[in-house]
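Visitor: I am new to this structure and would be grateful for a close look at a single part. Could you please take me through the contact between the two chains?

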Amino acid sequence: MEILTNLGNLGHGLAIAFEFKNLMYCLAGCLLGTLIGVLPGLGPLNAIAMLLPISFHLTPEAALIMLAGIYYGAQFGGSTTSILVNTPGEMASVVTCLDGHKMALQGRAGPALAVAALGSVFAGIVATFFIALFAPPMAKIALMFGPAEYVSLMILGLIMAVVLAQGSVLKALAMLVLGLLLSTVGTDVISGAYRMTMGVRSLADGIGVVPIAMGLFGMSEIIANLEKQEPMTVVSGKVEGLWPNGEDFRRCWPAVLRGTALGSVLGLLPGGGAMLSSFAAYVLEKKISKDPSRFGNGAVEGVAAPESANNAGAQTSFVPLLTLGIPSNAIIALMAGAMMIHGITPGPSVMTQNPNLFWGLIASMLIGNLMLLVINLPLVGIWVKLLQIPYRLFYPLILVFMCIGVYTIGNSGFDVFLLVIFGLVGYLLLKWQCEPAPLLLAFVLGPILEQNYTRALQVSLNDPYVFITRPISLGLLILAALLMLVLVLPSIRRAREAAF
Amino acid sequence: MAGQRNLSEIFTGVFLILVAICAFVLAWPLSSRTDIGVGPGFMPKALSGLLVLLGAALVAQGLRIQSPQASQPWRLRPVALVLGSVAFFGATIESFGLVVALTGLVLISCAANPEARLRETLALAAGTVVFAAILFLKGLGLQIPLWPTFLGVH
């Protein structure tokens, strides 16, 4: 019965997503997502951060439909650059370079692009139904969560982010604490006291998530690209013969199925999302293949599985946000920011209080994926042309968008200076090989964590053991402790280093 | 490079310790405990303490482990000019308006790239200003002054 209700709701969502205005914003999001996915050095995180201020002027449905389109659209576009240029268009397409570019060098760029796009569409559609069926029961469980469970769940999510970060564990942990520390700047919700604002009025509301995200991920990237100055080489010649042959189809459909399943599940995990899914799917394919040596030499499964997985993972990573109110990765954290700008608190109440937003967003993914198939396959030539625009004309425009975006959030020049500061910090962290993703996630989770921590203590009359006497909370904390333990074991550490 | 300390870890550690000390000093006047539970100062102080520990651990690790690869070269020009261009925008947008702020932003940021060509840069700046004025002011209706406010033109 419940399944039927949910499918009915999905139908209702389709009606909302098909409203002309929402359809246009969905298309805009998908186009933009493809664009930034194709362009190296500009990922969904930057694009969403840039558009966050503009989304303020839209309805909440249109805003989230567009921002979501950017996230999963980027998964489509990213594969194009990986295959044709051997530079990942964005992070979740890193592994696609391995076999995708080899296929392109063998003159099979067309089938590689087609497999990536078809796999993504399939995964996207399956993931949409997965969300429609899975999110409502999860929201019901979330309603039973008290503040103590939320604290434990967020701790687990943050530890996961450390596990999944690239490079040194110690650095990732330090970034996490730095993010939490930065999130405490501003007015304390409980006492109303100004914390560490140094008398600056603009800091009373805390440091904005947009200057931090754009500084750490956008500005630092631009500076680093200017330092390198490496010319890009696009695989020359036209992309011909898009259609994969029978052999390709036979090899890749089981890979697409596995990638979709893996991506859908990994997207749900705290710390999960598109990037984790694509890496895991590639490793899995290589493990179960009868002939692992084909991987890295143009194996079609090596394109199909991760590309399906990253799209599925991108979409299902909305589930923790919409049901628990906890963003699982940095990109979803910005989505949480977008919801909060519109006065909607992410969490289990979204489904009951804003059903139009909830179901409209999910249904828009169905439409968006079909749009993306058209945007990416027949029109692939246009995107390839875009890759030939020299970077020197390009980066000033990115800076312009970032500056205007940051400025218009609060009409304050101070935010632009914050952007400069975090641009510098981001550049230094890049130089020092510190991955800033845990920082951003911790920054967004920080206030929610602190509020729930204080509330849990208040409810239990200052009993510090409340986190371990409630069973669900205890279970989550044990899981987090196990992860920490696993992290320091040398053998796991080595495997982790090999994976990233 | 034998004998080379792992500078990136040491620098990260020192940076984090400095940030933590600043935060601790700023959070010093805030109370950690109130009669209803933890006070506003508790989290900042606890976190900066933790950050000092992590920073110290990174410094220790950096001193112990030898760096496997030589550090990448640092170039001042891109950093200074890209950051400078954004700072220029921040300093001018409120009183000098969009035209001045954006022109400066594009010109300064283009100078960050040694391959920049003058004519191309000027064209880019002009195009950007027109494009931004149409998209952001006319299209999206954002409240940004176009010309210097002290001139009284709108």
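Guide: What follows is an account of that contact, with some notes on each chain. This is a predicted model, in which local features need pLDDT of at least 70 and side-chain atom pairs count only at pLDDT 80 or more, while totals for chains, interfaces and linings use all residues. Residues are numbered from 1 along each chain as its sequence is written, and chains are lettered from A and ligands numbered from 1 in the order in which they are written.

The model has an ipTM of 0.89 and a pTM of 0.81.

Chain B brings 56 residues to the contact and chain A brings 51 residues, two residues being in contact if their C-beta atoms, placed from the backbone, lie within 7 Å. On the side of chain B that touches chain A, at least two residues come from each of α1 (7-27), β2 (37-38), α2 (42-64), α3 (76-111) and α4 (118-139). These labels follow DSSP runs, numbered from the N terminus: helices are H or I with at least four residues, and strands are E with at least two. The largest share of this side, 17 residues, belongs to α3(B). By class, the side comprises 40 nonpolar, 13 polar and three charged residues; Ala, Val, Leu, Ile, Met, Phe, Trp, Tyr, Cys and Pro count as nonpolar, Asp, Glu, Lys and Arg as charged, and the others, Gly among them, as polar.

Chain B is assigned domain 1 (7-64) and domain 2 (76-151), with bounds from an automatic or database domain assignment. Taken over C-alpha atoms, the centres of these two domains of chain B are separated by 38 Å.

In chain A, helix α19 (residues 413-431) has 19 residues and reaches 27 Å from its first C-alpha to its last, close to the 27 Å expected at 1.5 Å a residue; the expected span is 1.5 Å times one less than the number of residues. After α19(A) comes Gln433(A), with a positive phi near 55°.
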